[in-house]
Amino acid sequence: MIVKKTLFGMAVGFFLIHKVYAAMPSSDPVIRVDTAYHSGPIYGVEPLPDNERLVTISHDKTVKIWRSRDFKLLKTLRIPVGDAYEGNLDTIAVSPDGKFIAVGGWTCWQWDQQGCVYLFDAATGELKHCIERLKNIIGALQFSPDGKVLAIGLHGNGGVAFVDTQSFHVLAQDQEYGERVTGLAFSNNGYAVSASNDGYLRVYDPQFKLAARVKVPEVNRIADSYFSPDGKRLLVGSYDSPLIQILSLPQLQVEYSLRAAPGQSSLKTLRGAVWSQSGEFIYGVGDSDSVHETEILRWRTTDLSRYETIKVAHRIQSIRPHGQNGVIFSTEDASIGVINDQDSVARISDTHLVQSPIMSDEFRVSADGKQVTFPVSITDNRDFTFDIERLSLSESGSMSGLKSKNKPQKRVQLTHWQDNTTPVLNGQPLRLEPFEEIRSFSGTGKQTFLGTDWLLRAYDKNSQLNWKTPTPGAVWNVTVSGDDKWLVAVLSDGSVRWYRTEDGSESLALFVDRLSREWVLWRPDGYYASSENGDSLIGWHVNRGKGNEPDFYRAVQFEKQFYRPDLLRAQIGVMHMANSNADSNPQPNQASAGTRQAVTLSGIMTPSLAEPAPGTFTLSQLNEIAPPRIQIVSARAVQTPEGATELELTVEAEKNSRPMQDVTVYANLLPVATNEERRLDVDETDVFRRTFRFPVSGGDSLIRVEVNNGVSLGLAEQWVEVPAVNQAAPPKGELYVLAVGVNRFDHISAADKNKVPDLKYAVNDAEKLAGLLGNSASNDGFNQIHVQLLTDSAQLPATRQNILEALKVFEQAGPNDTVLLFLASHGFSDQTGNYYFLPQDGEYNDVESVLSGKNLSGKASTLLSWTDFFDNMRKAAGRRILIVDTCQAKSIFGEFDSRSLRKRSAASLFPLLLASKGDELSQEYEPAQHGLFTHTLLEGLRGLADYNHDRRITLAELHDFSVPLVKKLHNPSAGAQTPQLIAPGSLANIELPLAQSN
């Protein structure tokens with residue numbers, strides 16, 4: 001196994017990578033992985049002075065602020081980014097008062113041919129300033145003890161610059177360096193020390209004049225330097241060996257050498273060395289050959305003859321003091337760790353990245369490129385398998401038919417490639433870009449492929465370069481499909497990407513969150529498919545010049561434009577016809593007894609690839625539909641006269657492209673702004689400032705603000721910690737129920753009834769559910785229960801117009817209320833995943849138009865689409881519940897695409913109870929004269945689902961009761977049926993009333 005090697009940075013030769021420079025950052029949208037955690041190695045971590053927060057930087061080109069005690073993400077800060085390494089962050093400093101965060105690395109070189117440092121406000125996250133025109137790439141940063149000066153260490157022979165933090169003028173600089181600056185430190189009396197890879201320490205007096213230049217014994221490449229709390233001694237780390245030198249001041253003589261003992265430690269270097277804040281301990285970290293773990297060494301300053309070893313199952317990148325005697329550290333696999341005062345075990349955050357061992361045989365791809373298997377993590381024996389045609393993720397140990405082709409062909413000789421800059425292919429030295437190292441390789445009979453830190457390369461039989469393609473991270477693993485058409489790579493940002501072997505063009509990318517198992521699959525043009533919450537894992541980064549914080553839009557904000565599962569299924573290979581599995585699934589006119597039928601048109605073929613229609617928005621037009629910009633200005637807890645705790649939230653927003661239409665505020669995923677409060681006045685459509693007040697509980701609350709412009713959705717989120725105090729009981733809300741059931745379809749002709757048959761029990765389902773909830777005994781949970789029933793036999797029939805009118809009742813719901821929508825009829829989806837409900841007056845022509853692919857608009861004049869239901873449910877405040885017991889699903893076009901309905905429910909924050917999974921029938925249950933799923937819900941609401949006997953039934957309890965009962969009562973000859981609950985966050989705990997006992 002090959003160890004992933006830490007990059008020490010880019011020297012002056014690396015500047016030759018980009019021969020053409022842009023004057024300004026490109027404003028073209030760039031798709032990037034962006035999760036609640038970093039999606040790349042964390043190269044710097046610093047505590048804020050309060051020790052309650054810490055800030056990190058990464059090669060994912062973001063800055064993140066965390067709560068120290070539990071690693072909860074508080075803010076993500078962004079800088080302008082570009083190609084390859086532009087935007088990679090390598091160094092960070094926090095001002096002594098904790099007000100400002102300075103970051104740098106490969107910053108501004110692509111467009112300026114000079115370096116820059118970005119300065120953020122730590123409280124608001126606002127990008128305050130860009131310190132430009134620095135001589136080289138940024139290697140180190142440090143504030144002076146009074147915060148008035150920022151020392152900036154540069155790469156190459158750029159040396160060090162001292163910048164005034166008020167005027168941003170350069171006060172002094174020294175360029176007499178033979179190599180890059182690797183560390184900066186200030187003493188408490190104003191002296192500054194720089195460490196350099198040229199092996200010298202340089203000391204500057206308080207006027208920033210060079211006072212001393214000293215060669216450190218036994219250290220050729222100095223990694224870092226760190227002052228003791230009393231300012232009398234200096235730690236010097238080494239890239240050469242597991243050695244830390246302690247130098248005394250002012251003589252800068254070696255006072256003591258700390259070494260990792262051979263045979264007792266696996267460390268090859270001790271590049272990171274810090275004193276604890278109390279001065280009682282010294283900590284050292286470095287590199288080893290193991291990808292599974294590393295060591296933190298701890299010396300007590302009263303006895304430097306021995307050290308304690310703390311093993312950590314991660315490769316550590318940076319370390320800093322935390323608390324009196326502890327440290328914080330960051331790792332290569334995007335996690336953060338804390339060792340509290342004198343602890344012997346580290347507390348480490350989760351990492352959400354899939355981490356593939358370099359060149360692992362566990363990374364495999366099917367012959368046609370449509371399936372890929374890769375390890376969950378380096379230390380985990382499980383694999384993920386993703387199927388593009390099925391749009392499904394599963395866990396597996398191995399999968400037959402998937403092979404690894406990440407070894408050269410027998411006729412190909414590749415040497416000097418492992419973490420090397422000088423590979424030799426068939427005896428021919430290959431010319432790489434400066435500091436570009438080979439990480440992985442694969443090959444076919446015609447080409448050899450090399451994966452590097454930022455490129456994929458293809459060479460022919462004569463070792464001549466065929467093509468090279470930039471990648472958004474290091475290529476840890478690469479393999480070729482059996483048909484030699486696809487080169488599939490695992491990158492350091494956790495993504496798996498498909499490239500065409502003929503020209504290197506990227507075709508698809510996949511990201512899987514290792515812990516949540518959420519996934520998103522996307523094309524370079526922005527169209528995507530995802531799991532329920534997967535479209536929050538990627539987004540579009542859009543630069544707004546050098547001095548402005550960029551915009552970042554998550555894919556979920558453009559769901560209506562870019563969510564196209566049909567395009568993603570078809571991206572690799574040819575799609576199947578709608579009736580391709582006719583042998584394994586009953587046709588509409590040959591239905592299994594006791595099943596609710598999906599509407600299917602036999603003989604209709606689905607087009608092989610329904611590309612976006614003319615006029616559809618593309619990424620190049622993103623600025624035309626860009627969502628509003630939102631800022632949460634303040635959030636503070638206030639007490640009402642009745643003793644309840646409320647949050648006072650002030651929000652500012654401005655339009656980005658189109659006029660703003662409305663604003664919605666959520667607390668812990670529940671909308672708290674009423675329909676009336678959401679409306680914007682005429683003079684607020686360009687810019688507005690609003691203050692909202694709403695009840696919250698003590699502890700953490702996730703505040704979410706959405707602003708809609710009719711095409712896309714502006715989004716801002718922030719965690720707010722509310723003091724836990726004695727609170728008055730929350731006021732009772734009201735329950736609004738709309739139940740719709742259709743058995744008879746009056747506008748479907750007798751000739752078409754074999755394709756769209758009448759149903760038996762949908763009306764009975766709606767009537768019984770409405771009656772059960774309306775006559776509930778548990779009114780202690782609700783002030784009042786409002787029930788509307790629309791069926792064939794009800795006073796109001798379930799026509800399209802009547803349903804649309806009835807949905808308007810949800811607008812009355814307030815933040816303490818609950819709304820429930822129940823649907824029972826035929827249901828089906830078009831090939832793009834749009835769900836349709838067949839009302840009593842639905843017409844066959846519309847059904848045929850949708851299922852044949854003639855109508856992909858998401859609207860049909862006599863049908864109800866998912867947007868009709870969702871747009872109305874979004875107007876309700878409080879708790880929203882959607883229960884769907886419609887039809888079967890066979891996972892082919894022209895059927896019910898339950899996955900898309902689940903995903904859209906999750907994105908809209910509606911808990912969804914669904915009768916079955918996407919490849920299962922939704923059966924009817926003759927003994928009870930109900931749909932099987934609805935029958936189990938009714939039984940559960942009568943009290944059987946009240947597992948904890950608290951006289952309340954949550955959605956989670958109802959689902960957990962339904963699943964085994966459906967499994968027990970279903971008809972095996974019709975296949976399995978598995979009810980589904982999609983409920984983001986804590987929404988599964990929404991309560992329903994317990995029905996009256998008989």
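Predicted model: local features only at pLDDT ≥ 70, side-chain atom pairs only at ≥ 80, totals over all residues.
Figure 1. Leaving aside residues up to four places away in sequence, Ala-739 touches Ala-766, Ala-770, Gln-788, Leu-789, Leu-790 and Phe-822. One of these contacts, Gln-788, lies 49 residues from Ala-739 along the chain, and the C-alpha atoms of the two are separated by 6.4 Å.

**Figure 2. The disulfide of Cys-108 and Cys-116.** The structure holds one disulfide. The sulfur atoms of Cys-108 and Cys-116 are 2.0 Å apart. The angle about the S-S bond is 75°, and the link is right-handed. Cys-108 and Cys-116 are both buried.

**Figure 3. Cys-130, a cysteine whose sulfur is too far from that of Cys-116 for a bond.** The cysteine sulfur closest to that of Cys-130 belongs to Cys-116, at 3.7 Å. A disulfide requires sulfur atoms within 2.5 Å, so the distance of 3.7 Å is too far for a bond. Cys-116 is linked to Cys-108 instead. Cys-130 has a relative accessible area of 10% and is therefore buried; Cys-116 is buried as well.

**Figure 4. Strands β15 and β16 and the hairpin between them.** Strand β15 comprises residues 192-196 and runs antiparallel to β16, to which four bridges join it. Across this pairing, Val-193 stands opposite Val-203 of β16. Three residues lie between the two strands of the hairpin. Gly-199 takes a positive phi, near 90°, in this hairpin. Strand β16 covers residues 200-204, and four of its five residues are buried, leaving the strand mostly covered.

**Figure 5. Strands β16 and β17 and the hairpin that they form.** Strand β16, seen in the previous view with β15, also pairs with β17 (residues 210-215). The pairing of β16 and β17 is antiparallel and extends over five bridges. Leu-201 faces Val-214 of β17, the two residues standing opposite each other. Five residues separate the strands of this hairpin, and Phe-208 in the turn has a positive phi of about 70°.

**Figure 6. An open sheet of three strands, in the order β50-β51-β54.** The pairing in this sheet is antiparallel. Its edge strands are β50 (629-639) and β54 (687-695), each of which pairs on one side only. From one strand to the next the twist averages 15°. Strand β51, residues 645-654, pairs with β54 in the antiparallel sense through nine bridges. Glu-654 is opposite Val-687, a residue of β54.

**Figure 7. Helix α9, residues 866-873.** Seven of the eight residues of α9 are buried, so the helix is largely enclosed by the rest of the structure. The buried residues are Trp-866, Thr-867, Asp-868, Phe-869, Phe-870, Asn-872 and Met-873.

Conventions
Residues numbered from 1 in each chain as written. Heavy atoms only, no water. Buried < 20%, exposed > 50% of the residue type's maximum accessible area, 1.4 Å probe, protein only. Pairing = 2+ DSSP bridges. Contact = heavy atoms within 4.5 Å. Axes fitted to C-alpha atoms, helices over the stretch in contact; angles between N-to-C directions.
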